[in-house]
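Reader: I am new to this structure and would like to go through it with you. Could you show it to me before I begin with my questions?

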Amino acid sequence: MSTQTPDRTSTPVRPGTPELTALLDRISVDADVRDRDRVAPFEQIAWAKQAGLGRLRVPVAEGGGGASVREFFQTLIALAEADSNVAHILRTHYWFVEQQLVATDPDARARGLAIITSDQLVGNGFSEQSKHAVGLHFDTTLTPRPEGGYVLDGEKFYSTGTLYCDHTQIWAKSGPQRIAGAVIPVDRAGVTVEDDWDGFGQRLTGTGTTRLEGVEVREEEFFDLGDPDDQPVGYMGAFLQLYLQAVTVGILRSVRNDAVALVQRRARNFSHAKAGSASEDRQVLQVVGEISADAFAAEAIVLAAADAIQAAYDSVVDGAPDERLAEAAQLAAAQAKVAIDRFSYATAAKLFDVGGASATQKVHNLDRHWRNARVASTHNPTFLKASAIGDHHVNGAGFPGNAYF
C-alpha cells in the first residue's frame, strides 16, 4: 500500500527552518500512542511527502532541500526524536536518493530524481530469509524475456518502509555470479507487500514480506550490479548503517524528554528518599543528567561520522569516491555503532530509574525506547563491527564490500 501525496509543495522543507520544525512537531503528536496501539503512520508519512522531506539531500537547483550530509543527519535525528518509526521507514528512500546523487548515467539519474522530486518514496526488497549468508547472494531472480525486459520472481523480507512507499528497489541474482536491481512501482501486477513484521521493536516500519510473482521489469528499470563478491569501494554502506545510529540518537533524545516529563509529573517520592519530591531529589536528577549526557555524546559521535561521509561524497569522481576517504567513512560509521551500542540500551532502561513501578504501565509505553533501540541495533552484530575495526588497525584489512556492513 502506498500513500497518496496531497497538495504537494513546490518548495521542500529545508534544514533549520520553521517549516521543518513545525512538520516535526506535528509528526511527534501521539507517536507513543501509535506505537502502543499499532496505528500505522500513513498520515504522518503523507505529511512528510507533502512537505518534500524526501528531497532533503537533493541540491536546491534540482528542486531539493540542499542539505549537507551533516545537516541531513541532524534532521534525521530530530525526526527520530519525533517518531523513530517514521524516521526508520524512510531509510532506504534516502539511500536511493544518495545513489542518484552520484549516478554516472545521466538518463538513469534523471529518472531517479524525477521519482524523488515528485515526492514519491522508494522502499526496498534486498534481504531474504534464506540459507545464504547475509550479503549479496539471493534466491530471487531477474530473468531476461525473449521479447525484451525481465521478469522478477522471489520473496523478500525486512522490506522496511515499502508498505508506505510508491516504488521499491529489488535486488536479485541475474545469472552466474551476477546480481542486478530494479526499481518498480509497488502497485505493479505481481507485487504483494505484507504488513507481517512482528519484531518487538520498530513495530510500525513495515519491515515484513514482499512477494514477487512474475513481475514485469522494463529495460530502463533494470540495472546491473555485477559480481556479488567483487563490489567497488564506496561510502554507501557507511551512509546506510550510520542512518540506524542516527535513529538511535533520536530515540535517546526522546528518552531524555520522557525522563524530564516523568520527573516533573511525579507527585510523590519514596519515604526513604533524600527529598520529598522527585524534582528535588539529587539522585533522580543525576539519572536525568546521565541520560541527557548520553544522548549528547551519541549525537556528537554520529555527526563526526557524518563529516567523514561528507568528505567521501565530496571526493566522488565518475561515481566513485576516493578509496582512502571511503574507507575512512566506513571506519567512522563502524566505530559509531560500536560506541553507541555500548550504552544506548542501558540509557533507555535508565528511564525506569526515575519513574518507579508506575512507569512500567502499558498505558505509558515507555518500554518502546529500549525495544526500538535494541531492534535498530540488531541489523548488524556489534561484535562483527568491532572485530573488523581491530583487523583494520592491526592488520591493515579492508572492510566488507557490501551495504550490510
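Reader: How accessible is Arg 211?
Author: Arg 211 has a relative accessible area of 27%, so it is partly exposed. Buried means under 20% relative accessible area, exposed over 50%, and partly exposed in between, with a 1.4 Å probe and protein chains only. This is a predicted model, in which local features need pLDDT of at least 70 and side-chain atom pairs count only at pLDDT 80 or more, while totals for chains, interfaces and linings use all residues. Residues are numbered from 1 along each chain as its sequence is written, and side-chain values use heavy atoms, with hydrogens and water left out.

Reader: With which residue does Arg 211 form a salt bridge?
Author: Its partner is Glu 194, and the closest N and O atoms are 2.5 Å apart. A salt bridge here is a side-chain nitrogen of Lys or Arg within 4 Å of a carboxyl oxygen of Asp or Glu.

Reader: Where do Arg 211 and Glu 194 lie?
Author: Arg 211 is in strand β7 (residues 210–217) and Glu 194 is in the loop between β6 (191–193) and β7, so the pair ties together parts that are 17 residues apart in sequence. Helices (H or I, at least four residues) and strands (E, at least two) are DSSP runs, numbered from the N terminus. Glu 194 counts as partly exposed, at 25% relative accessibility.

Reader: How many salt bridges does the count come to?
Author: The count comes to 22 salt bridges. One of them links Arg 256 with Glu 81, the closest N and O atoms being 3.4 Å apart. Arg 256 lies in helix α8 and Glu 81 in helix α4 (residues 69–82), so this pair ties together parts that are 175 residues apart in sequence. Arg 256 is partly exposed at 24% relative accessibility.

Reader: And Glu 147, is it buried or exposed?
Author: Glu 147 is exposed, with a relative accessible area of 59%. It forms a salt bridge with Arg 145, where the closest N and O atoms are 3.7 Å apart. Arg 145 is partly exposed, at 28%.

Reader: Changing topic, how do α8 and α10 cross?
Author: The axes of helix α8 (residues 236–265) and helix α10 (residues 323–341) come within 9 Å and cross at roughly 30°. Axes are lines fitted to C-alpha atoms, for helices over the stretch in contact, and angles run from 0 to 180 degrees between N-to-C directions. The two helices are therefore roughly parallel to each other, a label for angles under 35 degrees, whereas over 145 is roughly antiparallel, 65 to 115 roughly perpendicular and the rest oblique.

Reader: Which residues of α8 and α10 meet?
Author: Ala 238, Leu 242, Gln 245, Thr 248 and Val 249 in α8 meet residues of α10 including Ala 329, Ala 333 and Ile 340; contact means heavy atoms within 4.5 Å.

Reader: Why is α6 described as largely enclosed?
Author: In helix α6 (residues 91–101), 11 of the 11 residues are buried, so the helix is largely enclosed by the rest of the structure. Among them are His 93, Trp 95 and Glu 98.

Reader: One last topic: what is the phi of Asp 119?
Author: Asp 119 has a positive phi of about 60° although it is not a glycine. Most residues other than glycine have a negative phi. Asp 119 lies in the loop between α7 (106–117) and β1 (122–125), and at 2% relative accessibility it counts as buried.

Reader: And where is Gln 202 found?
Author: Gln 202 is found in the loop between β6 and β7. Its phi is positive too, near 45°, and Gln 202 is buried, with a relative accessible area of 1%.
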